[in-house]
Amino acid sequence: MATAADEQQQQQLKKGIAEFYDESSGMWENIWGEHMHHGFYDTDAVVELSDHRAAQIRMIEQSLLFASVPDDPVKKPKTIVDVGCGIGGSSRYLARKYGAECHGITLSPVQAERAQALAATQGLADKVSFQVADALNQPFPDGKFDLVWSMESGEHMPDKLKFVSELARVAAPGATIIIVTWCHRDLLPPEKSLRPEEEKILNKICSGFFLPAWCSTADYVKLLESISLQDIKAEDWSGNVAPFWPAVIKTALSWKGITSLLRSGWKTIRGAMVMPSMIEGFKKDVIKFSIITCKKPE
């Protein structure tokens with residue numbers, strides 16, 4: 001049962017997340033474009049800066065492939081929710097790919113407004129819509145969507161059980177749920193927690209990116225099992241995202257990156273300062289980039 005202190009902490013976290021993305025999204029779009037997530041690369045590939053936007057599209061396609069989302073005209077998704085939609089890159093891509101109706105939600109008013117403007121520019125205003133809403137209390141009826149999409153938003157959720165329960169609630173019977181998220185490594189059988197030096201790395205990242213406590217991929221699988229979801233699959237894609245953070249740091253240190261950072265504000269600068277900790281976390285195998293997919297029973 002959540003206490004008043006827990007509720008206050010969650011409200012402060014939500015406010016911090018909204019302000020962080022209000023402040024930083026314009027800079028990200030200016031440098032990296034409309035997709036605010038990792039790219040998917042071949043392991044050990046040498047990549048050029050120009051490859052990164054293509055890799056972000058590949059991340060979407062690999063996620064759909066892993067989850068076996070059908071392209072078949074009859075079985076393809078017709079209604080999609082994008083939970084933690086950023087400036088709507090995934091929503092617009094999925095709407096275009098499937099001819100589907102897509103609804104995106106974000107805590108950031110700046111993101112929602114920009115997402116809608118980009119949809120209008122791209123001729124998708126009749127297919128996609130965006131609104132400010134909480135992923136833990138979604139403004140949709142039960143069973144509305146046949147694809148539930150969460151691309152790198154789970155790490156911001158303070159209550160992981162409530163998060164996956166809401167994903168399941170808005171999913172239609174037989175719907176596919178896709179969660180792509182940052183996790184910490186699975187604990188070994190004798191372990192009760194991560195090592196102190198590992199916790200230190202994660203805590204530094206939490207303070208820069210407005211994240212609550214991390215969980216493991218195994219924790220997610222257990223939560224999905226606990227609410228009777230089916231066909232649960234998970235995979236570690238850490239090797240496939242390895243070139244991403246070095247590239248982000250490289251662009252942040254360019255003249256365009258530095259001037260954008262200085263214009264965007266202190267929260268964005270603080271986020272930039274913990275980016276090396278992401279690289280350290282991946283190298284030391286404490287951070288895992290995970291995809292977890294499942295289906296809601298028919």
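Trainee: Let's start with serine 238. Buried or exposed?
Mentor: Serine 238 counts as buried, because its relative accessibility is 12% and the cut-off for buried is under 20%. Keep in mind that we're looking at a predicted model.

Trainee: Where is serine 238 found?
Mentor: In the loop between β6 (230-236) and α8 (244-252).

Trainee: And what is it in contact with, leaving aside neighbours within four places in sequence?
Mentor: Serine 238 is in contact with Phe282, Ile287, Lys288 and Phe289.

Trainee: OK, cores. How many residues has the largest nonpolar one?
Mentor: The largest nonpolar core has 63 residues. Ile205 is among those with the most contacts inside it, along with Leu64, Ile178, Trp182, Phe209 and Trp245.

Trainee: Which helix gives the most to this core?
Mentor: Helix α1, residues 4-32, which puts in 7 residues. There's also a second, separate core of 28 residues, including Leu167, Ala172, Leu229 and Cys294.

Trainee: Switching to helix packing. How do the axes of α6 and α11 cross?
Mentor: The axes of α6 (residues 196-209) and α11 (residues 275-283) cross at roughly 145 degrees and come within 9 Å. The crossing is left-handed.

Trainee: Which residues meet there?
Mentor: From α6 you get Ile201, Lys204, Ile205 and Phe209, and they meet Met275, Ser277, Met278, Glu280 and Gly281 in α11. By type, the residues of that contact divide into 5 nonpolar, 2 polar and 2 charged.

Trainee: What about α3, how many of its residues are buried?
Mentor: 8 of the 10 residues of α3 (residues 89-98) are buried, so the helix is largely enclosed by the rest of the structure. The buried ones are Gly89, Ser90, Ser91, Arg92, Tyr93, Leu94, Ala95 and Tyr98.

Trainee: What do they pack against?
Mentor: The buried residues of α3 pack against the helices α2 (52-66) and α4 (109-121), plus the strands β1 (79-83), β2 (101-106), β3 (128-132) and β4 (145-151). Just after α3 comes glycine 99, with a positive phi of about 65 degrees.

Trainee: You mentioned α4. Where does glutamine 111 come in, and what does it touch?
Mentor: Glutamine 111 has its place in helix α4. Not counting residues up to four places away in sequence, glutamine 111 touches Tyr21, Asp22, Ser25, Met36, Gly86, Ile87 and Thr106. At 3% relative accessibility, glutamine 111 counts as buried.

Trainee: And alanine 135, buried or exposed?
Mentor: Alanine 135 is buried, with a relative accessible area of 7%. You'll find alanine 135 in the loop between β3 and β4. Outside the four places either way in sequence, alanine 135 touches Val83, Ile105, Met157 and Glu166.

Trainee: What separates it from glutamate 101?
Mentor: Alanine 135 and glutamate 101 are 34 residues apart along the chain, and their C-alpha atoms are separated by 19 Å.

Trainee: Last one: what does UniProt place at residues 81-179?
Mentor: The UniProt record, an unreviewed entry, has the feature "domain: Methyltransferase type" there. In the model, residues 81-179 are 34% helix and 30% strand, with the end C-alpha atoms 12 Å apart.

Conventions: Residues numbered from 1 in each chain as written. Predicted model: local features only at pLDDT ≥ 70, side-chain atom pairs only at ≥ 80, totals over all residues. Heavy atoms only, no water. Core = buried A, V, L, I, M, F, W, Y, C linked by side-chain atoms within 4.5 Å. Buried < 20%, exposed > 50% of the residue type's maximum accessible area, 1.4 Å probe, protein only. Helix = DSSP H or I, 4+ residues; strand = E, 2+ residues; numbered from the N terminus. Axes fitted to C-alpha atoms, helices over the stretch in contact; angles between N-to-C directions. Left-handed = near helix turned anticlockwise from the far one by under 90°. Contact = heavy atoms within 4.5 Å. Nonpolar A, V, L, I, M, F, W, Y, C, P; charged D, E, K, R; others polar. UniProt positions renumbered as here; feature names shortened; annotations may be inferred.
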